[in-house]
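Hi,

Here is the structure I said I'd pass along.

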Amino acid sequence: MDMKVKRSFVSTGLRVLIILAFSFPVLSRAGEVTFPTFSYNEQELAKVREWEKTWAGKKVTTETIDQVKDFLSEPVYKAMKNPKTFGTDSLWFEVVPYRPYAASKGMTEQTKKYAPDSKLDANEALVNFGKVSGYPFPQPKTGIEMAWNFDGNTRGDTHHVMNEGEVVDCKTRLERHAGHLRWDTYWASRTDLPPVPAIPADQNQRGIFRSYFQRHIAPVDFVDTTMLEIRYLDLTRDEDLWVYTAMFRRIRRYATSQRSDTIDGTDMIYDDQDGWYTSPTWNTYKYIGRADLLVGRHVDNKKAERKTGQGFWNGIQRERANNWAVEVVSKDKNYIYGKQIWYLDPETWQMNFKVMYNRQGELWKTYEMFYDEYPTALGQKAAYMACEHTVDFIRSHGSPGKYTMKGLSLDIPLTLYQTGSLKVKAY
Amino acid sequence: MKKKIFFGVIFILIAVGAVLPRQGFAFYLLGDKLRVKGSLYEFIIYGTNFKKSTNEYRDTNLGLVRTKATLELLYKAIDCPENALNFFGFYRYWYEATPDIDKRYRQSITPYLRRRFQKCNYYSDDWINEMYADWYHGPWNIRLGKQIVFWSEVELIRTVDQINQLDLRYSSPGIDPWDEMKLGLWMLRGFYNSQLPGQLIFEFMWIPDFRPVRTPTEGTFWGGNPGPPTPNEPPYYGQNAAIEEQWIKSRPKRDLKHSSFAARIRGNSEVRIFKTPYLLDWTLSYYRGMNNTPVARRKYLGVPSTTNTDPNTLNGYGNRLANQRLAGDPYTDLPSHRFWNYKFYHIIGGSLQSFVPKLKGVVRGEVAYEINKPESTADAKENAPSYAKQITGSCTRNTVNAGLTYDVPIPVELLRHPKMQWLGANGTLDTSFGYFGQWRLGDVKNVRTTFGYQQKVQTGFTISSRTGLRNNALTPVVRTLWNTRKWGYTAFALAYTPGAHMRYELGYLMFYAKNVWDSREAQSEGKDNVYLKMGYEF
């Protein structure tokens, strides 16, 4: 054998070995991750499609609700059976076929990249939180892992929406209207909008994880009131909240320590935003099983309707999804909810709904989030809320709301999230 | 007839609330470029413990029956992210009907002041509370027109927030919103939003306009009683009415040399104290403007003696008026010249606010150092109460004002108990504890102040607390202020917001004071009242 050929053979062999040596763990780790995940496997899906042959396109009313009882959560069934509690004679929804969500390219890449190394520390915090993104545990085994998946759902990383809703006393039929425009940005855990997975430290010296800016458009008393809230990467640090009250023309700092305050008289508390707004480490979690239920995943909110004094939407399109059910108990013994049950979507890890119990263990409220898939500015798709309602079973009260999508994955200037913007962007 | 009109307005407001649609908010015109907002309010005060002396000036216990309309317009002429031009206007008009309903009340107010009190015409442009062009270009924001400035951070107390003065003739802060009590000023105001460390915002103001504070008018509910009744009624006006007329006539002419200037830097800095990160919002400010109350002009001061009755001098006019009041003689008209001068002084101020994790609340502090604040002087040895002393001249003094508040949401287990869920309470008392201090520097013995005469230090404490019931449809509020000189007040209020438009507020205010001359607020002793505000907002 020619020496040159021999050398070439050896060097090529070494290169292959080196490449193999470095790539082995990657291949090995990548092999552990299955993503995207779907609600049903093939056999399950076949059964679902069979069921849908009977029910898809049908209107389920108070009168026919018992026929689909097995696919309804306790509070939705209870509300449907007793529509007068929520200010109407009959409640109804439409059954639509299950449709899987399309995971964005970025979410798929980031999940595959970081999930194999995901682990929790002794305090159940995600190791390397802020430096990784995607769903950390695509095949979760525990409730806390599911909660961290929920936290990893950034829905295109930035959101600009308009939310309008009513605070409804279903007994007196009195309503108060409220509305706001909102801009959200994830500074870390980003999957789609560059830079991923996080905005570089030199542009994020305060260690922000997520921020939102909100401008109220109703009620009249709150028009032009703006809010800025910052959640930090430091999981032990309280959020910072500023409010510019147009009536008083002042920017004031607000305490965020009382997150169980209701939001502007709605049936939601601050922690309820997006299902759970703050860090997953504030609760304990127990996985209680899968729940194949009818939930709103592809909802045309134009079809959502209700009459004055009605606190629960009619006309929601519900499809089956095999949710992950997690029992959530706050580490704060005096927390306003005795426990919550979160129902997490197996594909996007969004919270499809949650049920809240008071400290005596009675059913108190349910918060249903009805989503739709929207195109993002990056040509991908992300699921975001189309409408929602929180209903209070003890007080016959409801807070139905609708969202108008203004854009996902938009390049929102980070300067928006400065206190100087509160006055400037007031109208 | 007038009573019928008054109760008719109330009936209409209640009826409107019952029949109007329960949804709705500001509406838009001209292709959404013009936003229209407004309100119509009826504000009624009913005195509950008039002193016997006050009853001589009243046929009824009504303290206020004011119908007020406001209109807010916002026109977005250019609406681009880097270049925007808006025109903003806040207009108001009111009519105060008590003098029409209560004859003796009407006779207690001089016709000159009553005209200014009953309608929104103290100055000809009073109906415009704000009207300005608002231009944004990159980091710049320029506002030109009549504006209101809010520099205060703490509640119920104003230290650095002295640019716009207040109209205190109808109610007190906390009952009427600040933006309706503050007197707008024509000015040029600019902001530069820098991207320097600390997100610094530079603000400047040039104010070629001046409007002094409007203290309660003599003879009205919040004002002092006029002179003792005479057989020759009307009028039987007192010294305060005369002084208010003199002050109105002493308002400085519109002249660029009477301009005020102000500047402020606002920052937002993170500091670590014992390893805990604090995000501090801070401001540093400077203001050069005219004091809200004037001092005597030396030229027309006259001899500071009770024997001086020359109506062309300030002391003489006051003495003459007192004699005429006692004798029941007709009053002398004010001379054409001004008795008073509004003089400039300076304020250097600063403020700080931050959320403090260990306290689970927000701590705010502000301090204002008033430099060369003009004051009138009097002879400390003169045997007369402070408000009746002869004025000997004027001087300047420095004063330090400081305020500190701690805002904390206090969870109330009782309200959060499952058995109390019917109440729809938010379960939290949003509470603010405040401290206020004032230190008058230098010699104060010869300084003639109507209130707090010869007092160097003032110390006060405030508490305000509110919560939400029935999903915030009901908002109970309590506010209290206590000064260590044993005067103060407590207010209870319950606001009811049943829907999108109607607003109701029922409250009770009670005042106490060991010495009513300790402060302007202490003067309210004996003016306890029940008030009702109801209105329609769109």
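Predicted model: local features only at pLDDT ≥ 70, side-chain atom pairs only at ≥ 80, totals over all residues.

In chain B, strand β18(B) pairs with strand β19 (residues 474-483) in the antiparallel sense, over seven bridges.

Now the contact between the chains. Chain B puts in 53 residues and chain A puts in 43. On the chain B side, the elements giving two or more residues are α6 (178-181), β9 (260-273), β10 (276-290), β13 (344-356), β14 (361-378) and β15 (391-411) of chain B. Of these, β15(B) gives the most, with four residues. By type, the chain B side splits into 23 nonpolar, 21 polar and nine charged residues.

On to chain A as a whole. Its secondary structure is six helices and 15 strands. The domain assignment gives domain 1 (1-31) and domain 2 (42-424) of chain A, and the centres of those two domains, taken over C-alpha atoms, are 49 Å apart. Along the principal axes, the C-alpha atoms of chain A fill a box of roughly 95 × 60 × 40 Å. Buried residues account for 50% of the 427 residues in chain A. As for contacts in chain A between residues at least 6 apart in sequence, 63% of them join residues at least 24 apart.

One helix I looked at in detail is α3 (residues 74-81) of chain A. Which of its residues are buried? They are A:P75, A:V76, A:A79 and A:M80. These cover an arc of only 130° around the axis, so they sit on the same side of α3(A). The general rule behind this is that an α-helix has 3.6 residues a turn, so residues three or four places apart point the same way. And what covers the buried residues of α3(A)? Among the elements doing so are β12 (351-357), β13 (363-375) and β14 (381-392) of chain A.

Cheers

Methods:
Residues numbered from 1 in each chain as written. Chains lettered and ligands numbered in written order. Domains from an automatic or database assignment. Buried ≥ 20, exposed ≤ 12 C-beta atoms within 10 Å, placed from the backbone. Contact = placed C-beta atoms within 7 Å. Nonpolar A, V, L, I, M, F, W, Y, C, P; charged D, E, K, R; others polar. Arc of directions from axis to C-beta. Pairing = 2+ DSSP bridges.
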